[in-house]
Amino acid sequence: MRTSKYLLSTLKENPAEAAVVSHRLMLRAGLIRQIASGIYTWLPTGLRVLHKVEAVIREEMNKTGAIELSMPVVQPADLWRESGRYEKYGPELCRLKDRKHNEFVLGPTHEEVITAIARREIKSARQLPMNLYQIQTKFRDEIRPRFGVMRGREFLMKDAYSFHLDHASLEETYQDMYDAYSAIFTRLGLDFRPVEADTGAIGGNHSHEFQVLADAGEDTIVFSDASDYAANIEMAETIETAERPAPGAACSRAATPGCHSVDEAAKALGLPSDQVLKSLIVRGERNEEGRYELIMCCLKGNQELNEIKAGKVPGLSNPLEFATDEEITDFTGAAPGSLGPVGFKGRILVDRAADRMGNFACGANENGFHLINVNWDRDVPKYEVCDLRNVEEGDLSPDGKGRLHLRKGIEVGQVFMLGKKYSEAMGAVVMDENGASIPMEMGCYGIGVTRVIAAAIEQHHDDRGIIWPDAMAPFDVSIIAIKPGRCPQVHETAEKLYAQLEAAGVEVLYDDRDERPGVMFADAELIGIPHIITIGEKSLAAGEIEYKDRRTGAKENVKVEDMAAFIQGKLKR
């Protein structure tokens with residue numbers, strides 16, 4: 001490709017709207033342009049990268065025996081009503097009507113459509129297992145799109161769905177997909193971790209996320225320094241070994257006027273925050289009068305509630321809902337900031353770490369007052385101990401091996417065991433060997449194709465631009481000809497080398513513009529082309545051409561007649 005004939009849309013200045021490195025460099029390198037909030041046009045350079053990623057994904061998916069198809073973005077709302085997700089999915093599901101007032105949605109995912117296909121097309125258990133995949137546009141109406149394509153509204157996803165007669169078959173395909181994803185992200189040059197994850201809105205009972213380690217990540221992942229244990233912070237279990245101290249002085253009341261937080265109460269009482277109980281009121285199930293049961297969750301004051309864990313406690317709302325200030329005041333007689341378990345009339349859940357507290361302080365359920373020297377059992381006779389908090393740096397690993405460490409991650413893929421969630425709801429059944437009609441077991445496997453590109457840039461860049469892993473680079477080689485119009489030998493050498501490399505199947509961006517050398521060098525490095533060849537009058541006088549490795553910055557001079565073979569050797573490594 002000649003630059004003079006190519007849409008090379010690089011920018012010199014950093015875009016003001018870009019908050020993370022990947023968004024900034026994707027705009028500057030001319031990969032994308034925003035046309036609406038969270039919606040982007042992929043320009044030619046960006047599209048070349050997308051196609052590279054898609055090719056790797058297809059190769060690895062096809063190796064597993066998965067079969068590609070293509071499903072529509074626009075989906076009938078009735079399918080989503082069948083699955084029960086039309087209302088449950090929430091405002092991210094974009095709903096619309098056609099001219100006949102038929103209701104549709106823009107697909108954020110395709111479980112409903114694929115299940116409808118399976119119930120129609122899979123007639124016999126002899127067809128199972130079957131794994132179908134697509135690479136297709138998705139739309140999720142994010143309330144706050146940000147970070148470019150990392151959290152966009154429209155995006156490209158590879159999603160696969162498997163169908164099985166029994167759970168053992170599902171487990172086998174799940175492992176195949178887990179292994180295929182590991183191969184995909186390894187080939188794409190990403191530093192990633194597979195971690196145990198929550199199933200979220202997709203559903204199912206078992207899941208792993210594939211997280212690319214990056215400071216710009218929105219997720220927090222947890223891993224052990226002495227084993228293979230790894231999990232999303234939403235799923236990481238806490239282990240407590242501390243002994244609860246013996247009760248001391250009797251519980252007593254202390255005035256804490258104007259204190260509305262743990263830190264304020266701790267300061268007023270002269271205690272560290274980890275000796276003040278944090279008491280949060282959440283909603284449970286509705287009672288006969290239609291009111292929510294109010295439940296107290298208790299944690300150490302310096303620790304944070306894990307809403308995903310709490311939402312899985314039987315009897316609590318899932319997703320977790322906090323009680324309103326009005327509900328709290330009506331039930332306890334006190335406002336948030338003055339709450340505690342002593343005398344609380346409802347169900348009390350105590351985090352494992354908080355259960356090890358003794359002689360602690362908590363709200364008195366009276367505005368402006370706290371209780372001190374409070375102890376479980378003695379002062380709070382009835383409560384349940386649960387795992388409610390987020391793990392912290394240095395916590396014991398749940399497998400008993402080593403300590404936990406926290407890193408930020410970008411989720412680029414996830415695999416789910418859906419079980420019969422959709423097949424039962426939508427009647428996707430087959431006949432077993434006994435002639436009985438049974439719902440198929442299902443698995444679901446997604447990769448955020450556009451997000452993979454942002455994640456790669458977050459890991460692979462420097463102050464000059466993108467440094468693509470070889471498998472993702474839009475071009476293999478950049479040829480920069482210095483003032484070819486002034487030196488016929490430069491022009492002839494560049495043209496000949498360009499033709500040789502193109503004939504050998506090398507993807508070349510030949511910069512034949514009448515530009516200053518500095519501009520051409522800057523563009524080549526900004527775009528992240530791995531191998532840069534500079535042809536200039538001075539080096540040609542010695543019969544050589546300069547080569548530069550974009551990743552290492554190393555330069556060397558290569559004889560003109562050897563350069564084509566030299567580059568092909570680099571690309572075979």
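User: At roughly what angle do the axes of helix H1 (residues 21–28) and H12 cross, and within what distance do they come?

Analyst: This is a predicted model, and what follows should be read with that in mind. Two packed helices are described by the angle between their axes and the distance between the axes. Here the axes of helix H1 and H12 cross at roughly 105° and come within 8 Å, and since angles of 65 to 115 degrees fall in that class, H1 is therefore roughly perpendicular to H12.

User: Which residues of H1 and H12 meet?

Analyst: On the H1 side they are Val21, Ser22, Leu25 and Met26, and on the H12 side they are Ile453, Ala454, Ile457 and Glu458.

User: How do H2 and H12 pack, and what is the hand of their crossing?

Analyst: Helix H2 (residues 44–63) packs against helix H12 (residues 449–459) at an angle of about 110°, and their axes are 10 Å apart. These two helices are therefore roughly perpendicular to each other, and their crossing is right-handed. H2 contributes Val49, Leu50, Val53, Glu54 and Ile57 to the contact, while H12 contributes Val449, Thr450, Val452 and Ile453.

User: Turning to the aromatic residues, how many aromatic pairs are there, and how is the pair of Phe192 and Phe210 arranged?

Analyst: A pair of aromatic rings is described by the distance of the centres and the angle of the planes. The count in this model comes to 13 aromatic pairs. In the pair formed by Phe192 and Phe210, the rings lie 6.3 Å centre to centre with 40° between the planes, an arrangement that counts as tilted. Phe192 belongs to strand S9 (residues 192–196) and Phe210 to strand S10 (residues 206–213), so that the pair links distant parts of the chain, 18 residues apart.

User: Are Phe192 and Phe210 buried or exposed, and which aromatic cluster includes them?

Analyst: Phe192 and Phe210 are both buried, and they form one aromatic cluster together with Tyr178, Tyr181 and Phe185.

User: Why is the pair of Phe360 and Trp376 called tilted?

Analyst: The ring planes of Phe360 and Trp376 stand at 40°, with the centres 5.1 Å apart, so the pair is tilted. Phe360 lies in strand S17 (residues 360–363), whereas Trp376 lies in the loop between strand S18 (369–374) and strand S19 (384–386), so this pair ties together parts that are 16 residues apart in sequence. Both residues, Phe360 and Trp376, are buried.

User: Where do the charged ends of Lys345 and Lys421 sit?

Analyst: The charged end of Lys345 is placed over the ring of Phe331, 4.9 Å from its centre, and that of Lys421 over the ring of Tyr422, 5.4 Å from its centre.

Key. Residues numbered from 1 in each chain as written. Predicted model: local features only at pLDDT ≥ 70, side-chain atom pairs only at ≥ 80, totals over all residues. Heavy atoms only, no water. Phe/Tyr/Trp six-rings, centres within 6.5 Å; stacked < 30°, edge-to-face > 60°. Helix = DSSP H or I, 4+ residues; strand = E, 2+ residues; numbered from the N terminus. Buried < 20%, exposed > 50% of the residue type's maximum accessible area, 1.4 Å probe, protein only. Lys NZ or Arg CZ within 6 Å of the ring centre and 35° of its normal. Axes fitted to C-alpha atoms, helices over the stretch in contact; angles between N-to-C directions. Parallel < 35°, antiparallel > 145°, perpendicular 65-115°, else oblique. Left-handed = near helix turned anticlockwise from the far one by under 90°. Contact = heavy atoms within 4.5 Å.
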